[in-house]
Amino acid sequence: MTSVSELIVATIKVVFIALLWLFILFVAMVIRTDMFGKRVPAASLATVPADRGRPESHRLSSVPTRFAITNGSQQGIAVPVQPTINLGRSADSTLVLEDEFASARHAQLVQIDQDTWAVSDLQSTNGTFVNGRRVGDEAIAATVGDVVRIGRTLMRLEV
């Protein structure tokens, strides 16, 4: 009888350890997703309107006053223009994005001159796009009306 009860105890121990490891892996995946965002296949972004670039009326030099979300779940939210604008899901970002495809610290806009900003990707999982062009190792210049896309969120500098 003792050998059967020892077998049951050993089986319970193995099952408990297996469940403990599954829990640890689940927690690690949640933390990874929270820090780096989900990887997005290009096909899943087909519902996002195309990056159109700046309208013809904004081609002349204009001094932007705000950086606004123009499409996405937070459409209409804007922040005043600052020399450095941090974008991401992190609470210390200048503009906190509620987009599951954004990383905690996703991108940054740094003012070059009065009406031009450099858009840099901060090694995000899904990338940052300016007028449909992916931001690589080199920053891309953006001015009034240029569309910045992170995940399903479209943003632009506005007058």
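A salt bridge is a side-chain nitrogen of Lys or Arg within 4 Å of a carboxyl oxygen of Asp or Glu. Keep that in mind for several of the stops below. The model in your viewer is a predicted one.

**Stop 1**

Select R66 and E158. Their side chains meet in a salt bridge, with 2.7 Å from N to O. R66 belongs to strand β1 and E158 to strand β11, so this pair ties together parts of the chain that are 92 residues apart in sequence. Is R66 buried, exposed or partly exposed? Its relative accessibility is 34%, so R66 counts as partly exposed.

**Stop 2: the sheet around these strands**

Now show the strands as a cartoon. Six of them make up an open sheet, and the order across it is β2-β1-β11-β10-β7-β8, with antiparallel pairing. The edges are held by β2 (78-80) and β8 (133-134); each has a single partner strand, so one side of each is left without a neighbour in the sheet. In general, the strands of a sheet pair through backbone hydrogen bonds, either parallel or antiparallel.

To see one of the contacts, pick F67: its bridge partner in β2 is V79.

Next, look at the join between β1 and β11. Five bridges connect these two strands, which are antiparallel. Here A68 stands opposite R156 of β11.

**Stop 3: strand β11**

Select residues 153-158, the whole of β11. How many of its six residues are buried? The count is six of six, and the strand is described as mostly covered. In a regular strand, side chains alternate between the two faces of the sheet. In β11, T153, M155 and L157 are on one side, while L154, R156 and E158 are on the other. Both faces are covered, and these residues are all buried.

**Stop 4: the hairpin**

I150 stands opposite T153 in β11. The two strands form a hairpin with two residues between them. Click on G151 in the turn: its phi is positive, at about 60°.

**Stop 5: the other salt bridges**

How many salt bridges does a search of the whole structure find? There are three, and R66 with E158 is one of them.

Select R152 and E100 for another. Their side chains meet at 3.7 Å, N to O. R152 is in the loop between β10 and β11 and E100 in the loop between β4 and β5, so the pair ties together parts that are 52 residues apart in sequence. R152 is partly exposed, with a relative accessible area of 31%. E100 counts as partly exposed too, at 42% relative accessibility.

Then select R105 and D92, whose side chains meet in a salt bridge of 2.9 Å, N to O. R105 is in the loop between β4 (95-96) and β5 (107-113), and D92 in the loop between β3 (84-88) and β4; they are 13 residues apart. D92 is exposed, with a relative accessible area of 52%.

**Stop 6: the helix and a nonpolar patch**

Finish with residues 2-36, helix α1, and pick I31 within it. I31 has 46% relative accessibility, so it counts as partly exposed. I31 is also part of a nonpolar patch on the surface, together with F16, I17, L20, W21, F23, I24, F26, V27, V30, M35 and F36. Select the whole patch and show its surface: the accessible area together is about 1,200 Å².

Definitions and conventions: Residues are numbered from 1 along each chain as its sequence is written. This is a predicted model: local features need pLDDT of at least 70, side-chain atom pairs count only at pLDDT 80 or more; totals for chains, interfaces and linings use all residues. Side-chain values use heavy atoms; hydrogens and water are left out. Patches are made of residues with over 30% relative accessible area and no salt bridge: like charges are joined within 9 Å, nonpolar side chains (Val, Leu, Ile, Met, Phe, Trp, Tyr) within 5 Å. Accessible areas come from the Shrake-Rupley method with a 1.4 Å probe; for residues, only the protein chains shown count as cover. Helices (H or I, at least four residues) and strands (E, at least two) are DSSP runs, numbered from the N terminus. Buried means under 20% relative accessible area, exposed over 50%, partly exposed in between (1.4 Å probe, protein chains only). Two strands pair if DSSP finds at least two bridges between them.
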